[in-house]
Each structure stands twice: as C-alpha cells, then as structure tokens.
Amino acid sequence: MIQLAPHTYATFCKGMSLPTLSTVFAEAGHPVTAGGRSAGWTWVTHDARSEPPSESDGFSVSDLASYVTGFRYEDRADLAEPLETVFLASTPACACEHGQNYMVPHCEAHPFQFVHSRGGFQETYFNLGDRRESRRMGDLLVRELLDAGIVGRDTPAYETDPGFNAGGRLTLRIIADHFGLPSPPLLV
C-alpha cells in the first residue's frame, strides 16, 4: 500500500520549480525538510511536529500550499504547467468538536489531510479513512471514491472488514493515481 511518512506535510505543485517553491515556503517561515521534482510535480515536505501552528505571516503550511496557486504568487510561476497544488498531511484528523464539519475550519494543528487547490482556492478537501471522505468539500475524486466503496450509500466493505481503508491508505492510492503523484515522498 501507499502511504506518507508519519507526521509529514507534503505539498505537490505544478507550475513552480523546486528552488522557487522552496523559497516561497522559506520566506513564510517554513523551510522544507526535503524536496524534488518528478512526473511533472515539484514536491516539498515539512515535519508536522516541528511546525508551529501560527507563523509570522499568518500562513500555516496547508494555507500556503493553497495560496501559492493564487495571484499573490502567480508572477513566481516559472514552469509551463498552470499553478496547481495537492497538499497531504499524515497527521491525525482533527478531533475538535467542530472538526467533523467540513465547512468549518479545523484547528491549526490539524489541517485537512487532503487539499487540492487552483487559482488560490481550495477546490476539494477532506480527511482520510474511517468514512471521513464522505464529509468533503468539492466533487473531485467522487467517482473514484464511489467505485472503491469508500463513500456512498452502499459501502459494505466497512461492515465486513474492520480494517477497510484503515488510515485512508486506499484513499491515498486513489489520490496518487488520479494526480499521477511521484513516489517520493510517498512510500510505496
């Protein structure tokens, strides 16, 4: 199965080179722990345990992963691809009382585990595993999630297999396949 290392934030970006994306995060107080470019995606990672929830410019790593696709950074795009990001977090889903509602922001320590952004806006976001994908914003990936029995009215795998989609690994595979995300930093 595919997974992201524990306590990791990973941002995959189309439209920016590795030096540019690394600089954007460093300028916002989030120096990257690793990075690379593969399969048309530039990617950077952060250790979620060392990231303070609130930064000097007010942007968390997950917020910046979305904002980098917007007008504030469009002049820094240096590759032919349109600006687009996929943010993944291997941190626990928010357990705060409002963390179950997808339209209410989570606490800063628990960002959504999957966020797809274009034009500076989060187009689709949700948490992974334990049926949390059904509480999502956006329609992207809904067909793949339905076909896999992760969301929808008929999800018998959850009743017959208690470990079905444990930790959202099947969902992560669907996300990686849909976007063609490179294996580093994803562990195969």
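Predicted model: local features only at pLDDT ≥ 70, side-chain atom pairs only at ≥ 80, totals over all residues.
Biologist: Where is A39 found?

Modeller: A39 sits in the loop between strand 3 (34-38) and strand 4.

Biologist: What about phi of A39?

Modeller: Phi there is near 55°, a positive value, and A39 is not a glycine. Most residues other than glycine have a negative phi.

Biologist: Which phi does R131 have?

Modeller: R131 has a phi of about 65°, which is positive, and R131 is not a glycine either. R131 belongs to the loop between strand 7 (121-126) and helix 3 (142-147).

Biologist: How accessible is R131?

Modeller: R131 has a relative accessible area of 34%, so R131 is partly exposed.

Biologist: Peptide bonds next. What joins P184 and P185?

Modeller: A cis peptide bond, with omega about 10°. Most peptide bonds are trans. P185 is in the loop between helix 5 (169-179) and strand 8 (186-187).

Biologist: Over to A48. Buried or exposed?

Modeller: A48 is buried, because its relative accessibility is 13% and buried means under 20%. A48 is in the loop between strand 4 (41-47) and helix 2 (61-67).

Biologist: What does A48 touch?

Modeller: Leaving out residues up to four places away in sequence, A48 touches H7, T8, Y9 and T91.

Biologist: And how far apart are A48 and A109?

Modeller: In space, 8.7 Å from C-alpha to C-alpha; in sequence, 61 residues.

Terms used:
Residues numbered from 1 in each chain as written. Heavy atoms only, no water. Helix = DSSP H or I, 4+ residues; strand = E, 2+ residues; numbered from the N terminus. Buried < 20%, exposed > 50% of the residue type's maximum accessible area, 1.4 Å probe, protein only. Contact = heavy atoms within 4.5 Å.
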